[in-house]
Amino acid sequence: MSSLAAKPPMDNAAANQSLVSAVLLTFDPDTQSVLAELEPSPTAHKMDLPTLQALLEAQGYGEFYTSKSSMHELITQANQGKDGSMVIAHRRDAELEWVVKPDKMAVYLTAMPAYGGKTITREWLLEELQAQGVDETCVDQVVLDQVLEAGQAERLCVARGIEPEPGLDSQFEGLVEGCKNLLEGYSEEDQVDFHQVQDFIVVEKGEALMQRLPPTPGVPGMNVLGDKLPTEPGSELAFNPNADGAIIDPDNPDQLIAAVKGHPILIENGVFVDPTLRIDAINLESGNIDFDGSVEVKGDVTSGFSLKATGDIFIRGMVEKATVIAGRNLTIVGGVAGEDLGRDQNKELILKARIRAGGNIRAKFANLAYLRAGGDIIIREFVLQSHLSANGGVYLTQPGSKGCIIGGRTIARTEIVVNCLGSDANVPTVARVGRINCKRRLEEQLQTEHKNCLKNCEKLEKVLKSAESTEQKSSINGDMVRKIKATLHSYVQKAERIKTIQARLSARKKTSSDAVVTVKGMIYPNVCIGIDGASYNNRARKGGCSMIREGGEVISR
């Protein structure tokens, strides 16, 4: 028990203190509370909050829980010289509240701090977790450290289960060094020196191409209570059945070997081996080339000649006023330098250099040339008065290059990305992306053509049926029957192709598009930008931006 008192008053001002009560503190172990008793005393000082807190601290009750309202009430009664008693502080132990998620994959802790009582310790926390049945490996020791440092917690996740890891499917590992770099594309961030492109890699018949690694069983998981969680093993995948030129090793079912001599191309879960024709140049000495496979030309494709290949074409030199058609990707190190033959009835340039590829086209530049790609068109330097058409995108943003399109018409399905569009000379330049609206006339023509095919098929079937009768067998010989059947087959195929085109046109009307034209530098006047049939004619110099379609208009963003 203690009290707060002062020396006897020495003047009139001190006489007023006879109205102040002394505060005596006692601790009740049964209720774990501190009781303050008031007793009027002429020697007591007036009470304030700091003085009362100091008294609690001096008596060892400073860490106890106190209520501000109780403290202020005690101060008021003491300063008014009242007597009596009241509880002003409590000793409280820390409290822990645990919540285990229904799926038993996490444990959350809410901890109330201690007020002069039992504090939170690591041993206590671990004992409580063990009592909850939580496996020690799931406990997050870092979070426990945070709880110990703060002395309290509000719904903290202190333990988490281990999710099962599913097994990996069969992995396929290429065994031909450098195969991945064959005709590898380049991005905006990567600079490529075309003069350092390596020769095609050639594999011999029987050479190992790819190894199949077995699937993994996976790693089981565990919930916070230590119960095992099952996992799914990986699946055994087959080699790609479209890996032409390669077969499964008869002595090792997990290995792919070359069936022919050629250059390997990595495809998904397999390697395609393509026979390659290598030639110095396309000129008078070689004549025109039409090759079933891939072709590498070390020099130029000179004017007036044509080069066709069902595979990739790689030309280290230039393409002049010539025709080059690749079934897959086409790379022209030296660019395309063509020539125009005047203009047609629509005032469009008639271009003599004609370049086509089923995949991507890559070139240093294109001048007075027609380029059409089933994939992307990637030009390193510039495009001048050319017609470009890509089923993917058109890109002219190589670092350190001009990256400009001046004149002509550039059409892409997905996007056009350039440094500059147009020129200071206001050369008419057209750039279009997205879908071109299907014309009703075209749809009507396809419908009419389809009906004609069906009519012709019906007529030919009647002729064949008649030929099978006894009366007509003598007038129609076997050779004629074969020709009629061949013609009938061609009409059936044509009708199927028309139906495919009609379905494609119908789908184009319904699908949405995110086509965009991105200019990083400058858009010059007299540039027309079209997106999904909507057009924008630029009449003044405009800084870099991205053009998109919004409703029926082309806007910049």
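The following questions and answers explain how terms are applied to this predicted model.

The model is predicted: local features need pLDDT of at least 70, side-chain atom pairs count only at pLDDT 80 or more, and totals for chains, interfaces and linings use all residues. Residues are numbered from 1 along each chain as its sequence is written, and side-chain values use heavy atoms, with hydrogens and water left out.

Q: Why is H2 called roughly perpendicular to H3?
A: Helices (H or I, at least four residues) and strands (E, at least two) are DSSP runs, numbered from the N terminus. Axes are lines fitted to C-alpha atoms, for helices over the stretch in contact, and angles run from 0 to 180 degrees between N-to-C directions. Helix H2 (residues 49–58) packs against helix H3 (residues 68–79) at about 110°, the axes being 10 Å apart. Angles under 35 degrees count as roughly parallel, over 145 as roughly antiparallel, 65 to 115 as roughly perpendicular and the rest as oblique. H2 is therefore roughly perpendicular to H3.

Q: Which residues of H2 and H3 meet?
A: Contact means heavy atoms within 4.5 Å. On the H2 side the residues are Leu49, Leu52, Gln53 and Leu56, and on the H3 side Met71, His72, Leu74 and Ile75. By class, six of the residues in the contact are nonpolar, two are polar and none is charged. Here Ala, Val, Leu, Ile, Met, Phe, Trp, Tyr, Cys and Pro count as nonpolar, Asp, Glu, Lys and Arg as charged, and the others, Gly among them, as polar.

Q: What makes Gln211 partly exposed?
A: Buried means under 20% relative accessible area, exposed over 50%, and partly exposed in between (1.4 Å probe, protein chains only). Gln211 has a relative accessible area of 30%, and is therefore partly exposed. Gln211 belongs to strand E10 (residues 208–213). Leaving aside neighbours within four places in sequence, Gln211 is in contact with Gln171, Phe172, Glu173, Leu175 and Asp254.

Q: Why are E9 and E13 said to stand at the edges of their sheet?
A: Two strands pair if DSSP finds at least two bridges between them. The open sheet has four strands in the order E9-E10-E14-E13, with antiparallel pairing. Strand E9 (171–174) and strand E13 (246–248) each have a single partner strand, so one side of each is left without a neighbour in the sheet. Neighbouring strands of this sheet are turned by 25° against each other on average, direction ignored.

Q: How do you know that E13 and E14 pair?
A: Three bridges join E13 and strand E14 (residues 255–258) in the antiparallel sense, against a requirement of at least two. Ile248 stands opposite Leu256 in E14.

Q: Arg316 and Glu296 meet in a salt bridge; why is Glu296 called buried?
A: The relative accessible area of Glu296 is 2%, so Glu296 is buried. Arg316, at 22%, is partly exposed. The N to O distance of this salt bridge is 3.2 Å.

Q: What makes E6 and E8 edge strands?
A: Three strands form an open antiparallel sheet in the order E6-E7-E8. Strand E6 (95–100) and strand E8 (153–160) each have a single partner strand, so one side of each is left without a neighbour in the sheet. E6 pairs with strand E7 (residues 106–112) over six bridges in the antiparallel sense. H4 lies across E6, E7 and E8, at about 35° to E6, while H5 lies across E7 and E8, at about 155° to E8.

Methods: Salt bridge = Lys/Arg side-chain N within 4 Å of Asp/Glu carboxyl O.
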